[in-house]
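Please open the model in your viewer and keep the selection panel at hand. The stops below go from the whole chain to single residues.

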Amino acid sequence: AGAAPAPATSAPAAAVPLPRSTAAVRFEWYQTPTTVLVSFFVKDRTEADVDVHIGSTKVDVVIRLGGGREYQHTLARLYSVVDPKQSSYSVSKYKLELKLAKTSEIQWKALERAEEDAAAPDTPTPSTVAAPD
């Protein structure tokens with residue numbers, strides 16, 4: 001028979017295990033004039049639990065969560081170009097943090113460009129070149 005829902009102040013019953021598939025991990029980003037910082041909030045991970053590949057316009061992240069689960073996130077079209085050699089990442093008790101070094105000090109409007117955007121904002125496009133008279 002159906003029991004009434006427990007009041008919000010009571011302790012939860014047994015925790016339901018997550019499925020052994022890709023799990024969600026909360027992430028946030030912010031920027032300075034020279035750097036974009038992306039934080040993935042996941043507890044108790046080590047350098048051995050993560051794979052990070054930083055390219056000039058793309059970032060791939062894999063975090064092994066244990067129990068056969070892993071989190072994968074790809075930033076396929078960064079808003080602007082970054083310098084992979086000056087970029088880095090670190091793993092702490094509570095998060096994985098990426099430090100992406102901007103190649104130009106522009107304010108990013110988003111972490112990634114929309115699909116319809118053909119080029120990064122600091123890349124010259126035909127529309128920015130004056131046509132001959």
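Strands here are DSSP runs of E with at least two residues, and helices are runs of H or I with at least four residues, each numbered from the N terminus; two strands count as paired if DSSP finds at least two bridges between them. The model is a predicted one, in which local features need pLDDT of at least 70 and side-chain atom pairs count only at pLDDT 80 or more, whereas totals for chains, interfaces and linings use all residues. Residues are numbered from 1 along each chain as its sequence is written, and side-chain values use heavy atoms, with hydrogens and water left out.

**The whole chain**

Begin with a cartoon view of the protein chain, which has seven strands and zero helices, so that the pattern along the sequence reads β-β-β-β-β-β-β. Switching to a surface view, you are looking at an accessible surface of about 9000 Å², of which 55% belongs to carbon and sulfur atoms (Shrake-Rupley method, 1.4 Å probe). Of the 133 residues, 28% are buried, where buried means under 20% relative accessible area, exposed means over 50%, and partly exposed lies in between, with a 1.4 Å probe and protein chains only. Among contacts (heavy atoms within 4.5 Å) with a separation of 6 or more, 57% join residues 24 or more positions apart.

**The four-stranded sheet**

Next select β1, β2, β7 and β6, which in that order make up an open sheet with antiparallel pairing. β1 (26-31) and β6 (82-91) stand at the edges with a single partner strand each, so one side of each has no neighbour in the sheet. On average, neighbouring strands of this sheet are turned by 15° against each other, direction ignored, with axes taken as lines fitted to C-alpha atoms. Zoom in on β1 and β2 (residues 35-41), whose antiparallel pairing runs over six bridges, and find Trp-29 standing opposite Val-38 of β2.

Move on to Asp-44 in the loop between β2 and β3. Its phi is near 55°, a positive value in a residue other than glycine, and its relative accessible area of 47% makes Asp-44 partly exposed.

**Two hairpins**

Now select β3 and β4, which form a hairpin with four residues between them and pair in the antiparallel sense over five bridges; here Val-50 stands opposite Ile-63 in β4. From β4, continue to β5, its antiparallel partner over seven bridges. Gly-66 stands opposite Arg-69 in β5, and in this hairpin, with two residues between the strands, Gly-67 takes a positive phi near 60°.

**The nonpolar core**

Which residues of the largest nonpolar core touch the most other members? Show Phe-40, Val-59, Ile-63, Leu-96, Leu-98 and Leu-100, which do so within a core of 22 residues; such a core is a set of buried Ala, Val, Leu, Ile, Met, Phe, Trp, Tyr and Cys residues joined through side-chain atoms within 4.5 Å. The elements giving two or more residues to it are β2, β3 (50-54), β4 (59-66), β5 (69-75) and β7 (95-102), and β4 gives the most, with four residues.

Finish with Leu-98 in strand β7, which counts as buried at 0% relative accessibility. Leaving aside neighbours within four places in sequence, the contacts of Leu-98 include Val-36, Phe-40, Val-52, Val-61 and Tyr-89. Draw a C-alpha to C-alpha distance from Leu-98 to Ser-87: the two are eleven residues apart in sequence and 7.6 Å apart in space. Leu-100, with residues up to four places away in sequence not counted, touches residues including Thr-34, Ile-54, Leu-78 and Ser-87.

Key
Axes fitted to C-alpha atoms, helices over the stretch in contact; angles between N-to-C directions.
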